[in-house]
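Biologist: Let us go through this model and ask what stands behind each label.

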Amino acid sequence: MAFTASFFFPLLLLLSAISGIASETAIRLPSENLVAGGNRKVRADDGIFCDSWRLAVETNNVGKWKQIPARCAAFVQAYMTGERYLSDMEVIGKLSSEFARSVRLVGDERDAWVFDIDETLLSNLPYYEDTGFGTEIFNETSFDQWVKLAKAPALLPSFSLYNELQELGFTIFLLTGRSEQQRSATEANLLSAGYRNWNRLILRGPSDQGKTAAQYKSEKRSELVDEGYRIHGNSGDQWSDLWGFAVASRSFKLPNPMYYIA
């Protein structure tokens, strides 16, 4: 009997400990209903979700995407037409200005700054107001018709930076994904928006068709470098405006949650 008791008593203690651990675990872990309810509460808050989605877009964590989530239509509209977008643009403009003023220019007119055009110098917000702020798949035909109107207004923070850079002595290049066939309309729009004295407006020619934006813009920047220009700054609303080779000393990404160009 002594042997049996000495054998089973530790076993009972072990079973008791296991039971206690199981009970303690069941008490500490929240129920599935509580977890699911918490997740549903977060997912139902479109403002939180869409703000996080916009952050993921701006940091390029989303990667390639064709249209904004349907639940974020009101959010993107409020962002683009409200104070937040303008404030973000102003902050980036000030940071760009601070960097530009820190550059020691040689004075040979080879110190360059490259600007994209759409959603960088010019705002196509009137067009996107009519097409759901990015909820619709991009329609090249209708956008080309909008470009022909040459009515896109200047983005004021970029306009201020543009003028300051010229006063500082930078040579300005405009590098856009627009087609060479749109040169006249693009020039007319830039002039009507107040932009003046750019060195060169670079558009896609026949040999550039079919290239990704990153490849095309890298090649054009490389040509400028080969000509002896020093690209200190580059401003664009797409990562493809800034990535690749022959990149600027500093690149400044402007916000755009409406569309993505690879």
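Modeller: This is a predicted model. In it, helix 10 (residues 213–226) lies across strand 1, strand 2, strand 3 and strand 4, and the helix runs at about 150 degrees to strand 2.

Biologist: What is the order of the strands in the sheet, and is the pairing parallel or antiparallel?

Modeller: Five strands make up an open sheet, ordered 3-2-1-4-5, and the pairing is parallel. From one strand to the next the twist averages 20 degrees.

Biologist: Why is one side of strand 3 and of strand 5 left without a neighbour in the sheet?

Modeller: Strand 3 (200–204) and strand 5 (250–253) each have a single partner strand, so they stand at the edges.

Biologist: What makes strand 2 and strand 3 a pair?

Modeller: Two strands pair if there are at least two bridges between them. Strand 2 (residues 171–179) and strand 3 have four bridges, in the parallel sense, so by that cut-off they pair. One of the contacts to look at is S179, whose bridge partner in strand 3 is R204.

Biologist: Why are C50 and C72 called a disulfide?

Modeller: The cut-off for two cysteine sulfur atoms is within 2.5 Å. In C50 and C72 the sulfur atoms are 2.1 Å apart, therefore the pair meets the rule. By this rule the count comes to one disulfide. The two cysteines link distant parts of the chain, 22 residues apart: C50 is in helix 3 (residues 46–58), and C72 is in the loop between helix 3 and helix 4 (73–81).

Biologist: What is the handedness of the link of C50 and C72?

Modeller: The link is left-handed, with -95 degrees about the S-S bond.

Biologist: Why is C50 called buried?

Modeller: Buried means under 20% relative accessible area. C50 has 0%, so C50 is buried, and C72 is buried with a value of 0%.

Biologist: How many salt bridges does the structure hold?

Modeller: The structure holds 18 salt bridges.

Biologist: What makes R230 and D108 a salt bridge?

Modeller: The N to O distance between their side chains is 2.6 Å. The cut-off is within 4 Å, so the pair counts. R230 lies in strand 4 (residues 230–236), and D108 lies in the loop between helix 5 (83–102) and strand 1 (111–115); the pair links distant parts of the chain, 122 residues apart.

Biologist: Which residues are linked in a network of salt bridges?

Modeller: The network links D208, K211, E219, K220 and E223. Among its members, K211 and E219 have side chains that meet at 2.6 Å, N to O. K211 has 22% relative accessible area and is partly exposed, and E219 counts as partly exposed at 22%.

Definitions and conventions. Residues are numbered from 1 along each chain as its sequence is written. This is a predicted model: local features need pLDDT of at least 70, side-chain atom pairs count only at pLDDT 80 or more; totals for chains, interfaces and linings use all residues. Side-chain values use heavy atoms; hydrogens and water are left out. Buried means under 20% relative accessible area, exposed over 50%, partly exposed in between (1.4 Å probe, protein chains only). Axes are lines fitted to C-alpha atoms, for helices over the stretch in contact, and angles run from 0 to 180 degrees between N-to-C directions. Contact means heavy atoms within 4.5 Å.
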